[in-house]
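Please examine the model shown below.

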Amino acid sequence: MRRRALLPAASALVLAACTAGPPPEVATPLPELPESFLFAPDAGTGTSLARLMPTEDAAFAALARQALASSPTLGEAAARVEQARAGADRAGAELLPSIGANASVTGQRTNPNSFGGNLPAGIAFDTERVSYAANLTARWDLDLFGRLKASERAALAKVDAASAQAQAVRIALLSEVAASVIDWRTLEEREREIRSDLTAAEELARLADVRERAGLAPGFDRVRAESSAAGSRSRLAALESERTRLLGRLVTLTAQGGADVRAALGTGATTGEIPAPPATLPSTLLANRPDVLAAAASLAAADAQLAATARQRFPTFSLSGAIGLLAFGLGDLFDGDSLVGSLAAGIAGPLLDFGRIAAEIDGAAAEKKAAFEAYRGAVYMALGDAEAGYGLVFSADAEAAAAASEAANLQRAARLADTRYQAGLADFLTVLEARRAADASGERAAAALGRARRARVLLWQALGGSELP
């Protein structure tokens, strides 16, 4: 009779779930990408991705190592990964039986009148008694329809998303350190150029002073030469504020004191040739960019969560059991008669919830749609970053080449003007203007070269980074 009563109930639960239909389909087509980048080099040119970083600079190596070991941002990202892994372990444990233990001592007093006042002769019972119990319990959700398994897949996908996000933080951190070190080296190059300019300007001022004392030139020439030297000193002073800003940025990135950062930056720098950008395809962004991988993992998590939510419409089947000891005297607890136990099978499921589960399914489907749009956004953002990175390298290289050519020509013009001045074929104003143009061009060339090196760091980050030697 019990089996006959259980069968209609189970059938009703399964039928109620099946009539609701499958969860809504959310299309997630792969975003279409172009076959090549606009400014990318030919496939036969370029170098490895890691060479775009200033790995030959000892300061970068030291500061990057310190940043990876002590950065609070990276530590927070690592903690998020641990949190996601704990959630995945929790979801996996739901698939296994739950076993527990308990023990109790219970005192009970019964009113004799609860059985009536006229008990048969010779029949008596204890109105007070104490029971002792110890039990082992177990429960297992059979997960016949895969709800718990889908929840585990969602949790594992969240681990992948957190890991990819941590990798993105790592790449961004290394890029910031590399860019700051390059900016620092650029400031050093600019300082050398300005000091060279200052030396030349002071020499012109000295010559103008000598000619003024000899009555060969007016005092106005000396004043103009001294004003040029003063301008170089002002440019040198302005560099210090930029150094202070970079120093503070590196303190934040590496989580160490300014003195330690300054000492690391004081190590010798080896600046080799600027490497050519590597040749890659847009499709590689789908596998290399950590933010794209994180968005893909979040989409997978949303898909698994939708499946788990949809399976709430199906009944759950469970097994439970208990075995233990029950006695009314402490000394009788381990007697054979004190052994007790139970075994049960259960089924439970929704029959009429007035749309609650359907609303949850619709919400999960909307979450999957949002995750897909976020994935598309991450893909096209990666594409835009890579296109801009290649374009920035192309334009920065052209700027650096033009600035170097300009500086070389203006330095030659300054030397020719000085020679003509010594021969009496040019006036002092011509020499001074030529020297000012040459001095400014040297600093511009150094700054342009620094921007070309910095553009390669941005391209390294835009292409998804790489392992560094």
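A crossing of two helices is called left-handed if the near helix is turned anticlockwise from the far one by less than a right angle, and right-handed if clockwise. The model under discussion is predicted, so that local features need pLDDT of at least 70 and side-chain atom pairs count only at pLDDT 80 or more, while totals for chains, interfaces and linings use all residues. Residues are numbered from 1 along each chain as its sequence is written, and side-chain values use heavy atoms, with hydrogens and water left out.

Helix 8 (residues 290-310) passes helix 9 in a left-handed crossing. Their axes come within 8 Å and cross at roughly 165°; axes here are lines fitted to C-alpha atoms, for helices over the stretch in contact, and angles run from 0 to 180 degrees between N-to-C directions. Helix 8 and helix 9 are therefore roughly antiparallel, a term for angles over 145 degrees. The contact of helix 8 with helix 9 has 18 nonpolar, 2 polar and 5 charged residues. In this classification Ala, Val, Leu, Ile, Met, Phe, Trp, Tyr, Cys and Pro count as nonpolar, Asp, Glu, Lys and Arg as charged, and the others, Gly among them, as polar.

Helix 9 (residues 356-422) also packs with helix 10, at an angle of about 160° and with the axes 7 Å apart. That angle makes helix 9 roughly antiparallel to helix 10. The crossing of helix 9 and helix 10 is left-handed, and the residues of their contact divide into 28 nonpolar, 5 polar and 9 charged.

These helices belong to a chain with 10 helices and 4 strands, where helices (H or I, at least four residues) and strands (E, at least two) are DSSP runs numbered from the N terminus. Along the sequence, the elements follow the pattern α-α-α-β-β-α-α-α-α-α-β-β-α-α. Of the 469 residues in the chain, 36% are buried, that is, under 20% relative accessible area with a 1.4 Å probe, protein chains only. Among contacts (heavy atoms within 4.5 Å) between residues at least 6 apart in sequence, 86% join residues at least 24 apart.

Leucine 459 counts as buried because its relative accessibility is 0%. Not counting residues up to four places away in sequence, leucine 459 touches Leu52, Pro277, Pro278, Ala386, Gly389, Tyr390 and Val393. The C-alpha atoms of leucine 459 and methionine 53 are separated by 9.6 Å, although the two residues are 406 apart along the chain.

Methods: Buried means under 20% relative accessible area, exposed over 50%, partly exposed in between (1.4 Å probe, protein chains only). Angles under 35 degrees count as roughly parallel, over 145 as roughly antiparallel, 65 to 115 as roughly perpendicular and the rest as oblique.
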